[in-house]
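Please take me through this structure in the viewer, one selection at a time. Tell me what to select next and what is there.

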Amino acid sequence: MSVPTDDTPPVTCLDNIILQEHEVKDILQITNVNKASGPDGISPRLLKIASDILAKPLCYIYNLNLTKMFYPLAWKLANVIPVFKKDERNYIGNYRPI
């Protein structure tokens, strides 16, 4: 990896990334079916089983989002739940960092 010089602008956006259908399918096929569903409620088992069917439309959606640089608000949200480790519950340092 080379260090950019003053005349080469740094890459700061994702619009030059193009996903391939087989890449999306591969990711869907390695999904851990023992994990919980995400906020959308779709089972990882369903995503894995239907990877052949879902790869093309998902690839289109992801590439469209990357080229238009538009990301749905739901993709930017997270459910963060602090996990207690030990000792006093009132001290924030006793919770696992997330």
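Select serine 51 and show what surrounds it: leaving aside its neighbours within four places in sequence, serine 51 is in contact with Lys25, Leu28 and Gln29. The model on the screen is a predicted one. Serine 51 lies in helix 3. Is serine 51 buried or exposed? Its relative accessibility is 2%, so serine 51 counts as buried, the cut-off for buried being under 20%.

Next, select aspartate 52 together with lysine 25. These two residues form a salt bridge, and their closest N and O atoms are 2.8 Å apart. Because aspartate 52 belongs to helix 3 and lysine 25 to helix 1, the pair ties together parts that are 27 residues apart in sequence. How many salt bridges does a search of the whole structure find? The search finds one.

Lysine 25 has a relative accessible area of 29%, so it is partly exposed.

Move on to isoleucine 53, which is also found in helix 3. With 66% relative accessibility, isoleucine 53 counts as exposed.

Now select the whole of helix 3, residues 51-68. How far apart are its end C-alpha atoms? They are 25 Å apart. At 1.5 Å a residue, the 18 residues of the helix should span 26 Å, so the two values agree.

Look along the helix for proline 57. A kink of about 25 degrees in helix 3 is centred on this residue.

Colour the buried residues of helix 3, which are Ser51, Ala55, Leu58, Cys59, Asn63, Asn65 and Leu66.

For the last stop, select methionine 69. This residue follows helix 3, and its phi is positive, near 55 degrees.

Terms used
Residues are numbered from 1 along each chain as its sequence is written. This is a predicted model: local features need pLDDT of at least 70, side-chain atom pairs count only at pLDDT 80 or more; totals for chains, interfaces and linings use all residues. Side-chain values use heavy atoms; hydrogens and water are left out. Helices (H or I, at least four residues) and strands (E, at least two) are DSSP runs, numbered from the N terminus. The expected span of a helix is 1.5 Å times one less than its number of residues. The bend at a residue is the angle between axes fitted to the seven residues ending there and the seven starting there. Buried means under 20% relative accessible area, exposed over 50%, partly exposed in between (1.4 Å probe, protein chains only). Contact means heavy atoms within 4.5 Å. A salt bridge is a side-chain nitrogen of Lys or Arg within 4 Å of a carboxyl oxygen of Asp or Glu.
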